[in-house]
Amino acid sequence: MRTTWDFYSTERIVFGNGAIQQLGEILQRLGAKNVLLISDPGIKQAGIVDKVLALLEQASYHAVVYDQVIPEPPIDSALECYEFAKSQNTDAVIGLGGGSSIDMAKIVALLVAHGGHPLDYYGGENQVPGPIAPLVAIPTTAGTGSEVTSVSVLTDVKNNLKVGISDNYLRPTVALLDPELTIGLPSYVTACSGIDALSHAIEAYTAKPFSFIQAEGRILFQGSIPISDALAYRAIELIAKNLPLAVQQGTNLEARSNMLLGSLLAGMAFSNAGTAAVHALAYPIGGLVKSPHGEVTGLLLPYVMEFNTAVETEKMVKILKAFDINADGLSRKEAALAASKAVFNLLETIGLPTHLSDIGIKEEDVSEIAEKTLQIDRLVRNNPRVPTLHGLEELLRKAL
């Protein structure tokens, strides 16, 4: 039985409308001179890259841009970006955009500091030898929480495999969150990223308690701990109340701000407590269909919550309260099950699919998905109810 837990986050978090104006001062404190700004074509097209570049020029930084990040970036593109960074004598990195841009920035900051190849740091947790280059993460979506997390995911195209590098040294030096940068996000992207943040929060909150996690040595995903519980629960409240507004009223700055805060808190929570069966199931499903990651995790979330209710009744009841749903007249079990229904209803409200058949999964895929899920031990061990092959197959058939 584990008797201690620890908590990690970024060194500094700057949050609020107009926070981007502090970028020059932040870089000055980091001692930066030559800055590489990593982003994607959509953020460039939206004018956000130029806005940030103008701020850097005003502050007299030598800044160059790599704006070719694609979703779930291939390893080769990370190496290409690193070679560009070396040619510019980069001493600080900015990741601007969604999770993929920030993940790419983490890898480049790692390679700038320690050299080598991304795969040198793959194959288990805690493979990074020391601090990475100064990194400022500026999210333009409210979803991944990558601005405070310890994980970066690339795609190994040759082996058709997602490669995750996990280490607390990968956490950005500064998370700079300006809700105004999320105003232009399309409603579908808002829905997918927001429901992913909710899945981070609920999985962290309902994770198996840290003392019962069966794993040797130092682990990043520790299970439920008091600090992550508090952060995750507040994230659930914020997202449940504000996600429909952010989707339906994209210019509602208060809703956007609350969603960005909810995503941040969820990121702080799950990067310590961990995610569980929802994300474990999402990986093999993501290999079969082209749906966005958030769409898949959101779809799975109510079914996994229902599966877990038998052993995590009390926290499910509290989740129902976070959705501001009256449980009067319901038994504890009924109220706990109503939490999964509340998430199901939220999916319908924001226009996301609620059945696996909607995204192209078929009955014949069920066994393969269940088998591959059970192999993802660092997530499966976090689930409050121990998944079995039969149990997962049954869950997936319900979700079909």
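These are my notebook entries on a predicted model of a protein.

**Entry 1: the whole chain**

I began with the secondary structure and found 15 helices and eight strands in the protein. Next I looked up the radius of gyration, which is 20 Å, close to the 21 Å that the globule rule gives for 400 residues, so the protein is as compact as a globular protein of that length. I also noted the span of the C-alpha trace along its principal axes, about 65 × 45 × 45 Å.

**Entry 2: inside and outside**

How much of the protein is buried? I got 59% of the 400 residues. The accessible surface comes to about 16100 Å², and carbon and sulfur atoms account for 50% of that. Then I checked contacts between residues at least 6 apart in sequence: 78% of them join residues at least 24 apart.

**Entry 3: charges**

I looked up 30 positive and 43 negative side chains. The centres of the two sets lie 4 Å apart.

**Entry 4: Glu125**

Is Glu125 buried or exposed? Its relative accessible area is 17%, and since buried means under 20%, Glu125 is buried.

What does Glu125 touch, leaving aside its neighbours within four places in sequence? My list reads Ser166, Arg218, Ile219, Leu220, Phe221, Arg378 and Arg381. For Leu220 I have an atom-level detail too: its backbone nitrogen lies 2.9 Å from a polar atom of the Glu125 side chain.

I also took a distance to Asn345, which is 220 residues from Glu125 in sequence. In space the two are 37 Å apart, C-alpha to C-alpha.

**Entry 5: Asn126**

I moved on to Asn126, which is in the loop between H5 and E5.

**Entry 6: Asp324**

Where else did I find a positive phi in a residue other than glycine? Asp324 has one, near 60°. I located Asp324 in the loop between helix H11 (313-322) and helix H12 (332-349). With a relative accessible area of 72%, Asp324 is over the 50% cut-off, so I noted it as exposed.

Definitions and conventions:
Residues numbered from 1 in each chain as written. Predicted model: local features only at pLDDT ≥ 70, side-chain atom pairs only at ≥ 80, totals over all residues. Heavy atoms only, no water. Helix = DSSP H or I, 4+ residues; strand = E, 2+ residues; numbered from the N terminus. Rg over C-alpha atoms; globule rule 2.2 N^0.38 Å. Buried < 20%, exposed > 50% of the residue type's maximum accessible area, 1.4 Å probe, protein only. Contact = heavy atoms within 4.5 Å. Areas by Shrake-Rupley, 256 points an atom, 1.4 Å probe, with all protein chains shown as cover. Lys, Arg positive; Asp, Glu negative; His and termini not counted. Charge placed at Lys NZ, Arg CZ, Asp CG, Glu CD. Polar contact = N/O pair within 3.5 Å; in protein donor to acceptor, adjacent residues only side chain to side chain.
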